[in-house]
Every structure is written in structure tokens, then in C-alpha cells.
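Open the model in your viewer and keep the selection tool at hand. This tour goes stop by stop, from one chain to the other.

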Protein chains: 2
Amino acid sequence: MPQLDFWYAIGSTYAYLTIMRINDLAEQGGVRVRWRPFDVRAIMTEQNNIPFRDKPLKAAYMWRDIERRAEKYGLRTRLPAPYPIDNLPLANQVAILAMREGWGIHYTMETYRIWFQDGLPPGEDPNLSEAIFRCDRDPMAVIERARTPEYAAALAAETDAARAAGLFGAPTFTVDGELFWGDDRLEDALNWARFGHV
Amino acid sequence: MPQLDFWYAIGSTYAYLTIMRINDLAEQGGVRVRWRPFDVRAIMTEQNNIPFRDKPLKAAYMWRDIERRAEKYGLRTRLPAPYPIDNLPLANQVAILAMREGWGIHYTMETYRIWFQDGLPPGEDPNLSEAIFRCDRDPMAVIERARTPEYAAALAAETDAARAAGLFGAPTFTVDGELFWGDDRLEDALNWARFGHV
């Protein structure tokens, strides 16, 4: 079965469009997807890659572009959502913990729903506990474990792997040595996994 | 007839994909396109928007992404093409002159063919004269006129118009107050012109 790695960070805005679409598209195409949360901000800071913070026109466009595309995909939004978020590492450490236990995709989708549809930032309450609760887990217990050095190290290891794979942003898809950056390359990446071309 | 403005600068890399596709797509969709060359570099410099110069990973990805997409669209490439180009204003002043005389689209397409398929940078010889020659014009006479203050002012005026329209990069499409940035938004922009949604 063809497969691809889906690299994302809770904290990336365009990832909303991917997170809400990728499972359906991958299933239709018969592609297995490995969801890999990492700390995109650490990598972008290292690379002096600052797309929005000091660029108000680009930032305003980004929200409008996401809004239009979300509508095309039938996704609800209340934009602009809070950005940038303050607690990117914790949001993604919970994601890694949840992935290991098999509820990481559900947690990620709920986190983005609460962020992009209800306007509450990830990685802090009420979003954090509510997203965990919706996955039928105990928020306090999960958050306490996710804060331990074990999960800080796990996030750092995945960030190292992303760096080694040549990533410079998120969402990114890697398949057979090819890298595809951006939600608008999701279809290209799935085609590559299936057919070896975009 | 629905219409959109296609803002580009000879010097933009992703514009290659648009320049070779937009006429066919617009004709299929019944959309009138106004080609508007401007000085994107002036605007991006003002906005501290430097996507590639100090970002080698992003630059390498850009070429690979263009290569894959060009193949999908049946376009030949020899990449990486020379970049950035040294003579962006002259290349685009000739484009404005040629647009006024009705051969600007042909000139732009030939310029990009020579740049992206033969590896010769726009705005200087041999690319510049060859592109003009392929449009059945006298290269020396055209270049002499395009260098005059009249065409420097015309390029500045179009760049002012682009700035006023909120542009921050190229290619960009504007239609009914909506702005779409990037070759990968060409279909969205055409849809907006036709249907009012992406």
C-alpha cells in the first residue's frame, strides 16, 4: 500500500485545511498516511523564515485565502483565528502522546475545530482540555504526562527528523524522497504516492 | 464577459507556469484576462518579503516543485534557471511597450521559453533580442524605446497600481476586489470570475 508522511505542527494555519481533508482523500486513493507532529516554529526560526509576523498584507491574505478554500471544502471557519499561538510545544507534545495511543488524529482534528471554528487557541485551556475530553481521555492526567521530559524529548526527536528530511515549513508531505509543501500540494503528494508523478 | 487582472513580473519563477497556461484556461472558461507587468521586486523589497535569497532549502524546493508541476502541465524546463535576474525593469518595460502594441503576451511567453527552457536570463541579450525578434519586431529599436523615461514611468505607474491593489508578490490575480496569489490559485481566480466562489 502506498504511503506518505504528513508532517504538521498544531500552530500552523494552513494545516487546518489538510487536517480536515487528508483522511478522506487518502482513503479514496488507497494511501496510508503517517501523521507526524513536530515543532515547525523551531525550524522556521533557525532558517529565518518568517512568513507573516512582520508582513501584515501577507497575513491578511492568508486568512482570506484559507476562508475561501475552507468554504470550497465545506469546512466551517471563524477567522482570523488567534495567531500565533503561545503554547505550540505543549499542543504538539499532547499530539505525540495521543498518536502513540491511537487517538492522535482525533485530538488534532478536535483541536483545530475548537481553534478555527470556535476561536480558542490550541495548547491551553479551554481548547486543550476540551479536545482531550472529546477523545474520551482525562485531560488533567494527559496534560501532566505530556509535560514530562519524555514528551519534550519525543517532540525534539521528531523535529530533528523533520530537519533531516529537509523541511522548512508545514504542512509538508514526504513520499519516496520527494517533499511537498503546503495544503495546496496535498493532491500532488497523494498522486506521487500512487503513480510516481504529480 | 467575466474578467480578471493577471499581475506578473518577468523575473518571477512561478509565473512561468501561469504564463504558459492562463490563455488556454481563460478561453475555456470564457474569462477575459488583462496582463499587467509590474516591478514585483520593488514591492517585495519594501515589504521585507524575501522568500528565497537567504533560504537555500526553500529555493531548492521551489525549483523542484516547478519542475514537477511543469511536467504535469506538459511544459518543458531546464532547471534551475538563472535566478534572480539582473535586469528586471528593462524586461518588464519592454513587456509594457509590447502590451500597448498588442504583442506583449507573445513577447512574455517567448521570454519565459528562452529563460526556462534554454537557460538564458530575461532582460538582457541574447534572450531580450531573441524574444523581440520572435515577435517580428526590430530588437534594437524596441529596446531603445523601452529604455526611455516614458516606459520607466509606465512601469512605475503599474507598480503603484499593484501596490494600491494590495499585492505582495507575483503572479497575482485580482477579480472583483478579491486577490489570489500564486500560480496554484489560478483556477480559484478563474472560478471567482465565473461563479463568485473558488
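Two strands count as paired if DSSP finds at least two bridges between them. Keep that in mind for the sheets ahead. One caution first: this is a predicted model.

**Stop 1: chain A as a whole**

Select chain A. It holds 10 helices and 4 strands. Walk from the N terminus and the elements come as β-α-α-β-α-α-α-α-α-α-α-β-β-α. The radius of gyration of chain A is 16 Å, close to the 16 Å that the globule rule gives for 198 residues, so chain A is as compact as a globular protein of that length. Along the principal axes, its C-alpha atoms fill a box of roughly 45 × 40 × 35 Å. Of its 198 residues, 44% count as buried. Now think about contacts in chain A between residues at least 6 apart in sequence: 74% of them join residues at least 24 apart.

**Stop 2: the sheet of chain A**

Colour the strands of chain A. In what order do they lie in the sheet? The order is β2-β1-β3-β4, in an open sheet of 4 strands with mixed pairing. Look at the edges, where β2 (32-37) and β4 (178-181) of chain A stand. Each has a single partner strand, so one side of each is left without a neighbour in the sheet. From one strand to the next, the twist averages 20°.

Zoom in on β1 of chain A, residues 3-8. It runs parallel to β2(A), and 6 bridges join the two. Select D5(A) and look across: R34(A) in β2(A) stands opposite. As a general point, strands of a sheet pair through backbone hydrogen bonds, either parallel or antiparallel.

**Stop 3: a hairpin in chain B**

Switch to chain B for an antiparallel pair. Select β3 (residues 172-175) and β4 (residues 178-181) of chain B, which pair over 4 bridges. T174(B) stands opposite L179(B) in β4(B). How many residues lie between the strands of this hairpin, β3(B) and β4(B)? There are 2. Click on D176(B) in the turn: its phi is positive, about 50°.

**Stop 4: two crossing helices**

Stay in chain B and select helix α5 (residues 88-101) and helix α8 (residues 139-146). Their axes come within 9 Å and cross at roughly 105°. That makes α5(B) roughly perpendicular to α8(B), because angles of 65 to 115 degrees count that way.

Now show the side chains. From α5(B), pick L90(B), Q93(B), V94(B) and L97(B). They meet V142(B), I143(B), R145(B) and A146(B) in α8(B). By class, the residues of this contact are 6 nonpolar, 1 polar and 1 charged.

**Stop 5: a loop residue**

Next, select T77(B), in the loop between α4 and α5 of chain B. Is T77(B) buried, exposed or partly exposed? It has 18 C-beta neighbours inside 10 Å, so it counts as partly exposed. Leaving out residues up to four places away in sequence, T77(B) touches I66(B), E67(B), A70(B), F116(B) and Q117(B).

**Stop 6: where the chains meet**

Finish by showing both chains. The contact takes 20 residues from chain B and 20 residues from chain A. On the side of chain B that touches chain A, the elements giving two or more residues are α4 (56-72) and β4 of chain B. α4(B) gives the most, with 7 residues. By class, that side of chain B has 6 nonpolar, 5 polar and 9 charged residues.

Notes: Residues numbered from 1 in each chain as written. Chains lettered and ligands numbered in written order. Predicted model: local features only at pLDDT ≥ 70, side-chain atom pairs only at ≥ 80, totals over all residues. Axes fitted to C-alpha atoms, helices over the stretch in contact; angles between N-to-C directions. Parallel < 35°, antiparallel > 145°, perpendicular 65-115°, else oblique. Contact = placed C-beta atoms within 7 Å. Nonpolar A, V, L, I, M, F, W, Y, C, P; charged D, E, K, R; others polar. Rg over C-alpha atoms; globule rule 2.2 N^0.38 Å. Buried ≥ 20, exposed ≤ 12 C-beta atoms within 10 Å, placed from the backbone.
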